[in-house]
Amino acid sequence: MKIIIAGAGDVGFHLAKLLSYESQDTYIIDFDGDKLEYLNNHLDVITKKGDATSIKLLKELGIDSADLLIAVTDSQNTNFTISVIGKSLGAKKTIARIDNSEFLNDCEVDFQKFGLDFMISPQELAANEIKMLLNQSSFNDTVAFESGVFNVMGTPLAYNSPILDLTVSEAKQQFPNVDFITIAIKRQGVSQTIIPRGDTTYQLNDQVYFCVPNYSMKDLYPIIGKKQFTIKNVMILGGSSIGKKTARNLCKDNFRVKLIEKNRTKAELLAEELNNTLVINGDGRDLELLEEENIRETDAFIAVTDNSETNIMSCLVAKSKGVKKTIALVENMDYIDISQTIGIQSLINKKLIAASNIFRHIREGEILALANLHNIDAEVFEFEVQEGDKITKQPIKDLRFPREAVFGGIIRNEKAIIATGEVQVKVGDKVIVFCLPEAISEVEKLFK
């Protein structure tokens with residue numbers, strides 16, 4: 001597949017990184033020579049310095065033979081222009097990163113007529129993820145498949161978890177009535193994500209990811225040594241686009257929301273737009289202000305300013321004041337690995353979320369959904385099984401399934417099935433698979 005990416009920022013870089021594990025023919029265009037040089041030194045891609053709206057440049061790269069053109073520069077208007085020009089010059093499919101969520105929701109304009117096949121809004125995706133994290137209060141990472149029929153849920157193991165120091169097999173024996181599969185473990189001081197086997201041992205502070213059917217979710221809390229708690233009072237720091245969208249989403253679900261914005265003009269505009277949100281003009285780093293606004297009675301604190309350091313520090317302050325759930329927007333990629341180890345319960349990076357959302361358009365096989373787990377360089381896929389797929393030929397235990405991947409679960413007729421070795425996948429099933437990058441191509445072969 002020939003793929004042209006316009007924009008070598010964080011979204012473009014993460015996409016290129018995912019593609020570099022495969023034999024995709026990938027080209028990246030950007031004005032910034034330093035970014036392109038970094039890409040050349042670290043990834044197997046072809047870079048081109050220049051303007052991606054240039055017809056001449058796109059023709060030089062062979063836009064007429066491109067299977068996919070992805071426009072992910074920082075400018076929405078530039079991304080529109082690139083997509084329209086690229087489609088006109090022969091690109092088979094175009095994807096544009098946009099900022100205006102109006103274009104995504106029941107828009108009266110048919111953008112496909114102009115050459116935009118798909119659009120994604122990082123801010124909208126991030127706001128949706130925040131809402132999901134609040135609904136699963138004791139977990140710091142969560143992904144729902146088929147409206148929650150199956151769920152991938154991540155949490156660090158505390159000292160009071162009963163599965164601590166047990167192997168995966170022993171944990172299943174100790175809790176035989178709870179349906180769950182451990183799909184991944186991120187261990188402190190270990191760079192490689194652990195794909196657990198029966199003899200893998202759970203250790204203190206492991207970030208563990210479970211795949212759980214909806215009927216077992218409440219039973220998972222005793223296993224991790226935590227209690228589910230209800231979140232109603234939410235404080236948001238930062239009136240950014242994500243802050244505004246998050247406040248609007250939460251108010252629709254009857255959360256009580258306060259939003260703190262430092263800029264007075266911006267705060268006044270937000271107060272006019274967000275009728276059900278209490279908007280406060282002030283500096284969210286001011287401890288006195290936080291005390292005045294009853295930070296100790298707040299259930300969740302969400303920091304989504306444009307500054308990663310401010311978001312991390314303010315979440316740590318909120319946690320010290322007794323706030324049960326903290327979520328930080330971390331745009332600085334260097335901080336992602338350390339945020340959870342210093343006490344940030346949940347973090348989001350809108351560019352990684354956007355890249356994963358785009359990535360599913362690149363995959364082979366019938367992929368219904370794809371999700372990226374924070375701090376883990378891997379993906380969770382949801383495949384729809386088609387007639388003739390290799391995965392239907394034998395029971396799971398007899399499939400040559402790569403060690404770098406694991407079955408999460410199967411959804412059949414809208415019901416969850418735990419993927420044990422005896423189960424045989426059928427046509428029409430939806431299969432959840434957790435997969436490290438190096439095994440993606442092998443897994444995809446089973447769904448052909």
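User: Hi! Which residue is the bridge partner of A184 in β10?
Analyst: Y209 is the bridge partner of A184 there. This is a predicted model, where local features need pLDDT of at least 70, side-chain atom pairs count only at pLDDT 80 or more, and totals for chains, interfaces and linings use all residues. Residues are numbered from 1 along each chain as its sequence is written, and side-chain values use heavy atoms, with hydrogens and water left out.

User: How many bridges join β9 to β10?
Analyst: 5 bridges join them, and the two strands run antiparallel, with β10 covering residues 207-213. Two strands pair if DSSP finds at least two bridges between them. Strands (E, at least two residues) and helices (H or I, at least four) are DSSP runs, numbered from the N terminus.

User: And what order do the strands take in the sheet?
Analyst: The order is β7-β8-β10-β9, with 4 strands in an open sheet and antiparallel pairing. β7 (141-145) and β9 (181-186) stand at the edges with a single partner strand each, so one side of each has no neighbour in the sheet. From one strand to the next, the twist averages 15°.

User: Which helix lies across β8 and β10?
Analyst: That is α7 (residues 217-224), running at about 155° to β10. Axes are lines fitted to C-alpha atoms, for helices over the stretch in contact, and angles run from 0 to 180 degrees between N-to-C directions.

User: New topic: how many residues are in the largest nonpolar core?
Analyst: The largest one has 44 residues, and L15, I70, V433 and F447 have the most contacts inside it. Such a core is a set of buried Ala, Val, Leu, Ile, Met, Phe, Trp, Tyr and Cys residues joined through side-chain atoms within 4.5 Å. Buried means under 20% relative accessible area (1.4 Å probe, protein chains only). Helix α1 (residues 10-19) gives the most to this core, with 5 residues.

User: What does L15 touch?
Analyst: Not counting residues up to four places away in sequence, L15 touches I5, I70, A355, I358, F359 and I362. Contact here means heavy atoms within 4.5 Å.

User: How do the axes of α1 and α13 cross?
Analyst: The axes of α1 and α13 (residues 350-359) come within 8 Å and cross at roughly 45°.

User: Last one: is N249 buried or exposed?
Analyst: N249 is buried, with a relative accessible area of 14%. N249 sits in helix α8 (residues 241-252). Leaving aside neighbours within four places in sequence, N249 is in contact with A127, N128 and K131.

Notes
Buried < 20%, exposed > 50% of the residue type's maximum accessible area, 1.4 Å probe, protein only.
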